[in-house]
Amino acid sequence: MPESGVGSAASGGARLLGLIVDLVVAALVTAIFLHPSLQDPVAMQNFNLWSGGVWAVISVISAGFFGFTPGMGVVGIRVARLDGAALVGPPRALVRAVLTFVIIPAAVRNADGRSWLDRLTGTVVIRMR
C-alpha cells in the first residue's frame, strides 16, 4: 500500500467521522418510523435499540456489497480485502459490524494503520481520494 494518497490506509479520524455519519443516518432513518421522546426514557431506549439495528443493517449490506458505508463514502474511505477479492462480502461485513459495536477492536490499531477488526477479517480501510 502507498504511504499516502489514494489506496493508503485511512486515518483513525476519517474512520471515526465515517462511523458518526453512519450513526446519524441510522438515527434519521429510525426517526421516520419511531419518534424519539427525550422525556420518556423507555421510548428513548427503544429508539436507540432500533437505531442500532438499523445501523447494523446499513453497515453490513453497504460494506458487504459495495465496500463502503454511507459515512465512509462521505469521508472518502472504503474497505478492501487483502486477498484482492472485489467484494468484502456479508460475512466479513457482519464480523466488522459486531466488532465495531464492541469498540475496542475497532479503536486499537497497529503501526500500519489496521485495527484488530481489520486483521481478524483480512481487510483494510483505505482512502478513495
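Helix H2 (residues 41-66) packs against helix H4 (residues 90-102) at an angle of about 140°, with the axes 8 Å apart. The pair is therefore oblique, a class left over once angles under 35 degrees (roughly parallel), over 145 (roughly antiparallel) and 65 to 115 (roughly perpendicular) are set aside. The crossing of H2 and H4 is right-handed. The model is predicted; local features need pLDDT of at least 70, side-chain atom pairs count only at pLDDT 80 or more, and totals for chains, interfaces and linings use all residues. Residues are numbered from 1 along each chain as its sequence is written, and side-chain values use heavy atoms, with hydrogens and water left out.

From H2, Trp55, Ser59, Val60, Ala63, Gly64 and Phe65 meet Pro90, Ala93, Leu94, Ala97, Thr100 and Phe101 of H4. Contact means heavy atoms within 4.5 Å. By class, this contact holds nine nonpolar, three polar and no charged residues.

H4 has 13 residues. Its first and last C-alpha atoms lie 18 Å apart, close to the 18 Å expected at 1.5 Å a residue. Buried residues of H4 are Ala93, Arg96, Ala97, Leu99 and Thr100; buried means under 20% relative accessible area with a 1.4 Å probe, protein chains only. Just after H4, isoleucine 103 takes a positive phi of about 80°.

Threonine 123 sits in strand E2 (residues 123-127). Its relative accessible area is 0%, so threonine 123 is buried. Leaving out residues up to four places away in sequence, threonine 123 touches Val79, Ala80, Arg81, Leu82, Val88, Arg92, Arg96, Arg114, Leu117 and Asp118. One of these, Arg96, is also among the buried residues of H4.

Conventions:
Axes fitted to C-alpha atoms, helices over the stretch in contact; angles between N-to-C directions. Helix = DSSP H or I, 4+ residues; strand = E, 2+ residues; numbered from the N terminus. Left-handed = near helix turned anticlockwise from the far one by under 90°. Nonpolar A, V, L, I, M, F, W, Y, C, P; charged D, E, K, R; others polar. Expected span 1.5 Å × (residues − 1). Buried < 20%, exposed > 50% of the residue type's maximum accessible area, 1.4 Å probe, protein only.
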